[in-house]
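Subject: Structure handover

Hello,

Here is the structure I promised, with my notes below. Please open it alongside this email.

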Amino acid sequence: MFKSLDINENEEKKNIQPTEVERVKCLIVGSGPAGYTAAIYAARANLNPVMYEGLQPGGQLTTTTEVENYPGYPEGVTGPVMMEDFKKQAERFGTDVRWGMATKADFSGEIHKVWIDDSKLIEAESVIIATGATAKYLGLDDEQKYAGGGVSACATCDGFFYRGKDVAVVGGGDTAAEEAMYLAGLCKKVYLIVRRDVLRASKVMVERLMDTPNIEVLWKHQTKGLFGDGVVEGATLAKNLGEENEEEVKIKIDGFFLGIGHKPNSDIFAEYVDTDEVGYINTIPGTSKTKVPGVFACGDVQDSQYRQAVTAAGSGCMAAIDTERYLSEKN
Ligand code: NDP
């Protein structure tokens, strides 16, 4: 995960004086399946890639449990183990994997500049952006109020604390379905709060949800707020009765989990590359190229459609190949 900075914040950071400057051939920002695959290919092509892992080394997959749909693991694999395998493979070919977060970028010149942790400056001949996406929140004040006291966007990280208790998950896509299934294995009861009367999740996940007795789907409900003395003790919902009529519903829960999608981590690059209205980086179709020569994007930060580990890995491969071609043409 990478810290999001808005453009004004990025602007303010322009005057930061780096304490150290390093020149690299290929900089990879982000360490999910896209970043590591780009690193494997770039290292094998002698591009001497330097990777900064970001706040969440291994990316979003380190917060999932079982990955059953990544080819090559017939029995499934846990997200953290899979990402450790990716990392070992990238390091085996010489990728320099480092702890640190990209906090500012300047792609206005021929050499691309990326600041790490607001201090070290990396001057890169090429940059591969693989910063992924971050969980979204509803925007309720109560999400802040109860942060660390019952509100979470990661069931696999925090579900353990709610063993035997009642919880709610909000959302109707695969993320929410996966979180609800995971929590159902730990908790007494799981409410799935869905704002419409259909789920967006894949058919197989919907079937699993419906077959799980301790999951109750609250169709056409929206969350209005949370309540409790210091920690979450319940949620206030509005049930849509149609024709603009609503009914207030209160549920007693100890944990409130977000599963409503993700925001691409593109803010620090948005001044230079094109993005869509949500913030996904636009690449030239069929390539990983952004509009800035020498800057490439792969994985969830540029993919609003598929967002799978395997598609992220594929796009990471494309980014490394595009980078190799760019550098060999340039030099
Ligand atoms: P999605 O965008 O697919 O779903 C988001 C869900 O949250 C939708 O049901 C949406 O409702 C709901 N939602 C959004 N905003 C709000 C709000 N303000 N209030 C209430 N509900 C809201 O995101 P996901 O993260 O679930 O999935 C993203 C992609 O990743 C998908 O392609 C998915 O298939 C994939 N994925 C795959 C997994 C796997 O294969 N194991 C696991 C997780 C994700 P509405 O439907 O009304 O818009």
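A salt bridge here means a side-chain nitrogen of Lys or Arg within 4 Å of a carboxyl oxygen of Asp or Glu. By that rule, Glu20, Glu22, Asp96, Arg98 and Lys120 are linked in a network of salt bridges. Please keep in mind throughout that this is a predicted model.

**Layout**

The chain is divided into two parts. Domain 1 takes in 2–134 + 262–330, and domain 2 covers 137–258. Their centres, taken over C-alpha atoms, are 32 Å apart.

**The network and Lys120**

Back to the network. One of its members is Lys120. Lys120 sits in strand 8. Is Lys120 buried or exposed? Lys120 counts as buried, because its relative accessibility is 14% and the cut-off for buried is under 20%. Its side chain makes a polar contact of 2.7 Å with the side chain of Glu22. Beyond its neighbours within four places in sequence, Lys120 is in contact with Pro18, Thr19, Glu20, Glu22, Tyr52, Arg98, Val114 and Trp115. Glu20, Glu22 and Arg98 from that list also belong to the network.

**Other salt bridges**

The structure holds 14 salt bridges. Three pairs follow.

- Glu68 and Arg208: the closest N and O atoms are 3.4 Å apart. Glu68 lies in the loop between strand 3 (66–67) and strand 4 (77–78), and Arg208 lies in helix 7 (residues 203–210), so the pair ties together parts that are 140 residues apart in sequence. Glu68 is exposed, at 55% relative accessibility. Arg208 is partly exposed, at 37%.
- Asp274 and Lys291: their side chains meet at 3.3 Å, N to O. Both residues lie in the loop between strand 18 (262–264) and strand 19, so the pair ties together parts that are 17 residues apart in sequence. Asp274 is partly exposed, with 35% relative accessibility. Lys291 is exposed, with 54%.
- Glu248 and Lys250: the N to O distance is 3.8 Å. Glu248 is exposed, with a relative accessible area of 59%. Lys250 is exposed as well, at 52%.

**Strand 16**

Lys250 lies in strand 16 (residues 245–252). Which residues does Lys250 touch, not counting residues up to four places away in sequence? They are Phe227, Ala235 and Thr236. With Thr236 there is also a polar contact, side chain to side chain, of 3.1 Å. The C-alpha atoms of Lys250 and Gly171 are separated by 18 Å, and the two residues are 79 residues apart along the chain.

Glu247 is in strand 16 too. Glu247 counts as partly exposed, at 38% relative accessibility. Leaving aside neighbours within four places in sequence, Glu247 is in contact with Leu237, Ala238, Lys239 and Leu241. His221 is 26 residues from Glu247 along the chain, and their C-alpha atoms are separated by 9.3 Å.

**The ligand**

How many residues surround the ligand? There are 19, and the closest are Asp174, Thr175, Glu178, Arg196 and Arg200.

| Residue | Polar atom | Distance to a ligand oxygen atom |
|---|---|---|
| Arg200 | side chain | 2.5 Å |
| Gly172 | backbone | 2.9 Å |
| Asn69 | side chain | 3.2 Å |

**Helix 8**

Helix 8 covers residues 309–330.

The buried residues of helix 8 are Ala309, Ala312, Ala313, Ser315, Gly316, Cys317, Ala319, Ala320, Asp322, Thr323, Tyr326 and Leu327. These buried residues pack against strand 1 (21–29), helix 2 (33–44), helix 3 (79–92), strand 8 (120–129) and strand 19 (295–297). Strand 8 is also where Lys120 is placed.

**Where to start**

Then go to Lys120 and the salt-bridge network. Helix 8 and its packing partners can follow.

Best wishes

Definitions and conventions
Residues numbered from 1 in each chain as written. Predicted model: local features only at pLDDT ≥ 70, side-chain atom pairs only at ≥ 80, totals over all residues. Heavy atoms only, no water. Domains from an automatic or database assignment. Helix = DSSP H or I, 4+ residues; strand = E, 2+ residues; numbered from the N terminus. Expected span 1.5 Å × (residues − 1). Buried < 20%, exposed > 50% of the residue type's maximum accessible area, 1.4 Å probe, protein only. Contact = heavy atoms within 4.5 Å. Polar contact = N/O pair within 3.5 Å; in protein donor to acceptor, adjacent residues only side chain to side chain. Near = heavy atom within 4 Å.
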